[in-house]
Amino acid sequence: MRFDLNFAFATHDSQLPFKLELNHQWDAKVTGIYGHSGGGKSSLVEVLLGLKSRALVRGHCRVGSALLFATADGVWLSTRERRCAWVPQEAALLPHLTSLSNIKLTAKAGADLDAVITALQLEGLLSKKPRQLSGGERQRVALARALLAPHDMLVLDEPLAALDSAQRLATLEFLRRRVAVEHTPMWYVSHRWDEIVTICDHAMVIEEGRLRWHGPPRLWVEAKTGNNGQ
Amino acid sequence: MMLYMNDAVLDCVLLTIRVAGVATLMIVVIGTAVGWALARGKVPAQLLVEALLLLPMTMPPVAVGLVLLNLMAPGGPLGTFWQLLTGERLLLTWQAAAIAAFTVAFPLYVRAAQEAFTAVSPRLEGVAESLGLGPWRLWFQVSLPLAAPGLAAGGLLAFARALGEFGATSLVAGAIAGRTETLAVAIYNSINNGNEDQAWMLALWSAALAVLATVASRYLSTRFPSVERRG
């Protein structure tokens with residue numbers, strides 16, 4: 001999938017001004033977005049999803065043949081029209097619904113509900129409400145909900161942050177296999193480089209609102225050591 | 001003091017429930033939509049609209065009654081509309097009392113509804129939208145249930161205010177026993193007529209209704225459990 005992003009996002013908050021600028025074009029199935037907290041990863045995701053105010057964004061974003069926004073031409077698709085199913089860091093399950101109702105919120109008819117529930121080990125959680133779940137369980141439910149929703153792209157923001165290492169590996173492996181057979185592109189945001197290396201074929205390092213490095217993830221270590229002159 | 005009931009008191013209690021109930025129903029239906037629109041900044045000239053909406057709460061109720069009296073009088077816009085609709089006049093009916101209660105209690109509910117919808121996490125709505133949830137389902141399955149406890153509390157406030165409405169009601173509905181004499185008006189008339197026992201009994205019935213409304217509101221809000229602000 002071809003991505004073409006060239007935009008600037010700036011808040012006018014005098015207390016906490018923030019600017020994110022990106023001009024990058026690339027081809028990838030799974031794009032990893034890496035960086036420390038506050039560097040701009042989540043802002044990048046929210047600009048893509050259309051969750052930032054239109055007035056604060058200038059530029060354009062194209063995913064494949066779909067133009068998500070082009071402010072100069074007055075193009076601005078709504079979050080719904082962008083069809084990017086999102087798993088935010090905090091899972092954001094609907095607190096008044098059970099896990100199963102959350103998962104089935106917009107599940108496609110005939111979607112592989114049972115397969116996803118089994119793969120993410122959610123069988124025992126289906127009748128529970130979000131407040132009865134641990135952080136990791138919430139993230140797995142949110143992951144299932146996004147995988148089963150109608151979408152042209154997946155956007156996962158730190159989806160495994162609350163999982164223990166065994167579950168993290170199992171879930172990562174499940175995602176890797178699923179991505180291999182599905183043709184929808186994915187953005188995978190993480191502050192853990194090992195996850196990015198495992199699942200992504202292109203990575204972007206975002207720091208202080210700028211693209212610091214991009215390329216195949218396995219080359220990042222070499223780039224870093226090169227930068228350090230070692 | 002015993003909470004005894006005679007026909008006149010029963011009529012008065014039932015009429016009060018009918019007036020406050022109909023007013024609250026109208027308030028909840030219209031006020032939920034208005035509160036949501038205000039919370040999402042979808043109203044043009046919002047500050048001015050908010051100030052105008054609060055006016056019936058900030059003005060003396062009897063002044064609100066004066067405005068309503070002119071609107072509901074034969075030849076006034078509301079009076080004429082009612083005449084065309086039912087063939088009868090509006091003033092001095094229980095419907096006039098319900099409109100007075102509606103007008104005075106509406107701002108309380110709208111404020112509560114606006115705050116309840118403002119407190120709904122935009123991220124929860126954003127996630128639901130990203131998953132393809134349409135605008136109506138988003139409203140009924142996400143925004144409304146998350147705002148429900150605040151709406152229930154607002155509904156209770158509005159009902160309590162409608163229950164006790166006196167100033168505007170006495171102007172537009174008068175005090176026709178069994179037809180327009182609500183508890184608040186009846187208490188005033190009983191005191192005026194030197195019938196203090198009757199006034200006390202009516203006051204106790206008012207308290208009983210208020211307690212009942214509070215319990216019902218708490219029960220309703222627990223029908224939407226676990227409304228955490230974070231998923």
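Reader: With which hand, left or right, does α9(B) pass α10(B) in their crossing?

Author: The crossing is left-handed. One thing first: this is a predicted model. The word left-handed means that the near helix is turned anticlockwise from the far one by less than a right angle.

Reader: Which residues make the contact of α9(B) and α10(B)?

Author: On α9(B) they are L183(B), A186(B), I187(B), S190(B) and I191(B). From α10(B) come E196(B), Q198(B), A199(B), L202(B), A203(B), W205(B) and S206(B). Sorted by class, this contact of α9(B) with α10(B) has eight nonpolar, three polar and one charged residues.

Reader: How many helices and how many strands are there in chain B?

Author: Ten helices and zero strands. Read along the sequence, the pattern is α-α-α-α-α-α-α-α-α-α. The C-alpha trace of chain B spans about 65 × 45 × 30 Å along its principal axes.

Reader: Now chain A. Why is one side of β2 and of β6 left without a neighbour in the sheet?

Author: Look at the strand order. Five strands of chain A form an open sheet, β2-β1-β4-β5-β6, with antiparallel pairing. β2 (19-27) and β6 (75-76) stand at its edges, each with a single partner strand, so one side of each has no neighbour.

Reader: How do you know that β1(A) and β2(A) are joined?

Author: Count the bridges. Nine bridges join β1 (residues 2-10) of chain A to β2(A), and the two run antiparallel. Two strands pair if there are at least two bridges between them, so the test is passed. For an example, find F7(A): its bridge partner in β2(A) is L22(A).

Reader: What pairing does the open sheet of six strands in chain A have?

Author: Mixed pairing, in the order β7-β8-β9-β3-β10-β11. Its edge strands are β7 and β11 of chain A, each pairing on one side only. On average, neighbouring strands of this sheet are turned by 20° against each other, direction ignored.

Reader: What makes the pairing mixed in this sheet of six strands?

Author: Take some of its pairs one by one. β3 (residues 30-34) and β10 (residues 202-207) of chain A pair in the parallel sense over four bridges. There, G32(A) stands opposite A203(A). β3(A) is also parallel to β9 (residues 186-190) of chain A, over five bridges. I33(A) stands opposite V189(A) in that strand, β9(A). But β10(A) and β11 (residues 210-215) of chain A pair in the antiparallel sense over five bridges. In this pair V205(A) stands opposite W213(A). Parallel pairs and an antiparallel pair occur in one sheet, and the pairing is called mixed.

Reader: What do β10(A) and β11(A) form, and how many residues lie between them?

Author: A hairpin, with two residues between the strands. One to look for in the turn is E208(A), which has a positive phi of about 50°.

Reader: Which strands does α1(A) lie across?

Author: β3, β7, β8 (153-157), β9 and β10 of chain A. The helix itself covers residues 41-49 and runs at about 155° to β8(A).

Reader: How many residues does the contact take from chain A and from chain B?

Author: 26 residues from chain A and 19 residues from chain B. In chain A, α2 (79-82), β7 (84-87) and α5 (135-148) each supply at least two residues of the side that touches chain B. That side has 16 nonpolar, three polar and seven charged residues.

Reader: Where does pLDDT stay under 50 in chain B?

Author: Over residues 225-231 of chain B. Where pLDDT is low, the predicted coordinates should not be read in detail. Chain B as a whole has a mean pLDDT of 90, and 94% of its residues reach 70 or more. For chain A the mean is 91, with 96% of residues at 70 or more. Within chain A, confidence is lowest in α8 (residues 220-227), at a mean of 64, and highest in β6(A), at 97. The model scores ipTM 0.91 and pTM 0.84.

How values were computed: Residues are numbered from 1 along each chain as its sequence is written. Chains are lettered from A and ligands numbered from 1 in the order in which they are written. This is a predicted model: local features need pLDDT of at least 70, side-chain atom pairs count only at pLDDT 80 or more; totals for chains, interfaces and linings use all residues. Two residues are in contact if their C-beta atoms, placed from the backbone, lie within 7 Å. Ala, Val, Leu, Ile, Met, Phe, Trp, Tyr, Cys and Pro count as nonpolar, Asp, Glu, Lys and Arg as charged, and the others, Gly among them, as polar. pLDDT is the predictor's confidence in each residue, from 0 to 100. Axes are lines fitted to C-alpha atoms, for helices over the stretch in contact, and angles run from 0 to 180 degrees between N-to-C directions.
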